[in-house]
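Work through the exercises below with the sequence and the coordinates at hand. Each task is followed by a stepwise solution.

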Amino acid sequence: MPDRRVPKAPVGLQTRGRAFWRSTWEAYELNIDERELLVEVCRALDYSEALAAVVRRDGVTSEGSRGQLRTHPALAELRAVAETLRRLLAQLGLPSPDEPTKPSLLSPLQARGRNAAQKR
């Protein structure tokens, strides 16, 4: 395996986003478009982590304007971020990490092509 350097993570990424950045770059070669998608995935992961921390701290319910219990607003945001992550990851097209035959250092485009060829 060639000695490759992981590009510096974008400014502002937190622990989860930086970890995903590093592990993705260690496993795949990305083109410029894929790199931009990866930045957005990492930011969404960090945002999701922050929202989850709010829900852990406050609980799944909050008090409404008239004292009624209501679903914590962060839960709706978490669902939206999860959907955004799902779409971004699908667009990025990284193969499943559970795939035992996955060769290292494939670009996502190459991995999709290999998966399609293996399904034929």
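Buried means under 20% relative accessible area, and exposed means over 50%. The model used here is predicted.

**Exercise 1.** Determine which residues of α3 are buried and how they are arranged about its axis.

Solution. The buried residues are Ala-74, Leu-75, Leu-78, Val-81, Leu-85, Leu-88 and Leu-92. Viewed down the axis of α3, they fall within an arc of 140 degrees, so they line one face of the helix. On the other side, Arg-79, Arg-87, Ala-90 and Gln-91 are exposed.

**Exercise 2.** Identify the residues that touch the most other members of the largest nonpolar core, and find which helix supplies its largest share.

Solution. The core has 21 residues, of which Trp-21, Leu-38 and Leu-85 touch the most other members. Helices α1, α2 (32–58) and α3 each supply at least two residues. The largest share, 9 residues, comes from α2. Leaving out residues up to four places away in sequence, Leu-85 touches Val-41, Ala-44 and Leu-45.

**Exercise 3.** Classify Thr-24 as buried or exposed, and list its contacts.

Solution. Thr-24 lies in helix α1 (residues 15–27). Its relative accessible area is 2%, so Thr-24 is buried. With residues up to four places away in sequence not counted, Thr-24 touches Leu-30, Leu-38 and Leu-94.

Note on methods: Residues are numbered from 1 along each chain as its sequence is written. This is a predicted model: local features need pLDDT of at least 70, side-chain atom pairs count only at pLDDT 80 or more; totals for chains, interfaces and linings use all residues. Side-chain values use heavy atoms; hydrogens and water are left out. Buried means under 20% relative accessible area, exposed over 50%, partly exposed in between (1.4 Å probe, protein chains only). Helices (H or I, at least four residues) and strands (E, at least two) are DSSP runs, numbered from the N terminus. The arc is that of the directions from the helix axis to the C-beta atoms. Contact means heavy atoms within 4.5 Å. A nonpolar core is a set of buried Ala, Val, Leu, Ile, Met, Phe, Trp, Tyr and Cys residues joined through side-chain atoms within 4.5 Å.
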